[in-house]
Amino acid sequence: MSRTLPTGMVAKLTEGEVELFHALELQFSTPIYLWTGIGDKSLTPENGSANTYIGVGNMLQIGEPSEALDLSAQGLSLSLNGLNSSILSAALSENYQGRSAKLYLGIVGVTNIAEVFSGYMDVMTINESADAVDVSLTVESRLIDLERPRVARYTKASHQ
């Protein structure tokens with residue numbers, strides 16, 4: 001993955017003290033865009049188009065993304081707490097496994113965001129109480145594809 005930052009972010013970093021936030025893009029049948037602030041915010045990923053991200057504040061918990069020197073696939077954990085129970089039916093009926101999930105880093109005052117993790121949604125755990133729903137989601141790195149066997153046949157029929 002590229003390690004470059006959008007020019008707007010670089011300029012803001014030279015000013016000194018900055019406030020960071022995370023943004024999350026989950027590609028369900030209708031994509032979900034969340035960010036760790038309050039209110040709606042229009043954000044633009046590098047080489048992407050602007051989307052409106054919904055502010056969820058402290059309700060979104062993001063595990064620490066990590067990398068390994070041996071190119072092993074490292075996952076990411078996400079948790080969204082205190083949701084309305086109407087979201088539960090959408091989470092249960094959606095075929096989400098294998099769909100794209102991206103984590104971005106942004107700076108308050110800059111509309112451009114930088115991708116810090118990209119992977120595939122894997123396992124969703126839903127805990128429902130009387131007044132709220134807690135959803136936990138694990139996201140597998142795109143490197144998980146390297147562990148899948150390739151069944152290519154080198155025969156004349158396979159090349160036709």
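## A buried alanine

A101 is buried, because its relative accessibility is 3% and buried means under 20%. The model is a predicted one. A101 sits in strand β7, which covers residues 100-107.

What is A101 in contact with, once its neighbours within four places in sequence are left aside? The list is E25, L26, F117, S118, G119, M121 and V139. Another residue to look at is S141. A101 and S141 are 40 residues apart in sequence. In space, their C-alpha atoms are 9.4 Å apart.

Start with β4, which spans residues 51-55. Strand β2 covers residues 32-35. Two bridges join β2 to β4, and these strands run parallel.

Now turn to β3, residues 41-45. Does β3 run parallel or antiparallel to β4? The two run antiparallel, with three bridges joining them. Here K41 has Y53 in β4 as its bridge partner. Together β3 and β4 form a hairpin. Five residues lie between the two strands. In that turn, N47 has a positive phi of about 60°.

## One salt bridge

How many salt bridges does the structure hold? It holds one. The partners are E15 and K12. Their closest N and O atoms are 3.6 Å apart. Side chains of opposite charge can pair when their charged atoms come close.

How do the two partners stand toward the surface? E15 counts as exposed, because its relative accessibility is 58%. The mark for exposed is over 50%. K12 counts as partly exposed, because its value is 22%.

## A nonpolar patch

Which residues form a nonpolar patch on the surface? They are L5, V10 and L13. Together they have about 220 Å² of accessible area.

L13 lies in helix α1, which runs over residues 7-13. Its relative accessibility is 39%, so L13 counts as partly exposed. A patch takes residues with over 30% relative accessible area, so L13 passes that cut-off at 39%.

Key. Residues are numbered from 1 along each chain as its sequence is written. This is a predicted model: local features need pLDDT of at least 70, side-chain atom pairs count only at pLDDT 80 or more; totals for chains, interfaces and linings use all residues. Side-chain values use heavy atoms; hydrogens and water are left out. Patches are made of residues with over 30% relative accessible area and no salt bridge: like charges are joined within 9 Å, nonpolar side chains (Val, Leu, Ile, Met, Phe, Trp, Tyr) within 5 Å. Accessible areas come from the Shrake-Rupley method with a 1.4 Å probe; for residues, only the protein chains shown count as cover. A salt bridge is a side-chain nitrogen of Lys or Arg within 4 Å of a carboxyl oxygen of Asp or Glu. Helices (H or I, at least four residues) and strands (E, at least two) are DSSP runs, numbered from the N terminus. Buried means under 20% relative accessible area, exposed over 50%, partly exposed in between (1.4 Å probe, protein chains only). Contact means heavy atoms within 4.5 Å. Two strands pair if DSSP finds at least two bridges between them.
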